[in-house]
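Good morning, and thank you for coming.

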Amino acid sequence: KDFANSEGSIDESLERRAMQTLVNMALMNESNPHKKREYLKDAVEHTLLESAEKESIIAAFESQNTFKVDLQPFGEEEVSAALLMRRLSEIIRISDDIAVTEKIYLNKISRELGYSQRDVEQFISE
């Protein structure tokens, strides 16, 4: 469940980018904010990020601040890219209904990571 690089060691840069992307996705739909906060809190706790950084990521969600995230490093890390897509899909499923904004954001990310529309549908339905 960790974001690792091709050498197999946990990559804090990938973890940070993944958590920021999860916050962005959580803010795409306002339904179930408490469940989303708990999901994010649990996800962030299981990273190797510093405590202050973990807190700032949760604080960004609470204050509804989004991040500008460069996902290019995930391009060479297939396992981490698939994990990111799975986590994004999990956050989407916390919402009562999938919002158009969530679909658009997931499709944008999936294109950047080299996934097809069919792949996206499979991630969401898992």
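Let me start with a question: with which residue does Glu112 form a salt bridge? The partner is Lys108, and the closest N and O atoms of the pair are 2.5 Å apart. A salt bridge here is a side-chain nitrogen of Lys or Arg within 4 Å of a carboxyl oxygen of Asp or Glu.

Before going further, a word on the source: this is a predicted model, in which local features need pLDDT of at least 70 and side-chain atom pairs count only at pLDDT 80 or more, while totals for chains, interfaces and linings use all residues. Residues are numbered from 1 along each chain as its sequence is written, and side-chain values use heavy atoms, with hydrogens and water left out.

Now to the chain as a whole. The C-alpha trace spans about 40 × 35 × 25 Å along its principal axes. Of the 126 residues, 44% count as buried, where buried means under 20% relative accessible area, exposed over 50%, and partly exposed in between, with a 1.4 Å probe and protein chains only.

I return to the salt bridges, of which the count comes to six. One of them joins the side chains of Glu53 and Arg16 at 2.3 Å, N to O. This pair links distant parts of the chain, since Glu53 lies in helix α3 (residues 51-62) and Arg16 in helix α1 (residues 12-26), 37 residues apart. Glu112 and Lys108, by contrast, are four residues apart in helix α5 (residues 100-113), and are therefore separated by about one helical turn. Glu112 is partly exposed at 40% relative accessibility, and Lys108 is partly exposed at 40% as well. In helix α4, Arg86 and Glu90 also lie four residues apart, and they form a salt bridge with the closest N and O atoms 3.6 Å apart.

The contact, meaning heavy atoms within 4.5 Å, is made by Ala81, Leu84, Met85, Leu88, Ser89 and Ile92 of α4 and by Glu102, Leu106, Ile109, Ser110 and Leu113 of α5.

Finally, I would draw attention to one residue of that contact. Is Met85 buried or exposed? Met85 counts as buried because its relative accessibility is 0%. Met85 sits in helix α4 (residues 78-94). Not counting residues up to four places away in sequence, Met85 touches Leu106, Ile109, Ser110, Leu113, Tyr115, Val120 and Phe123. Thank you for your attention.

Definitions and conventions. Helices (H or I, at least four residues) and strands (E, at least two) are DSSP runs, numbered from the N terminus.
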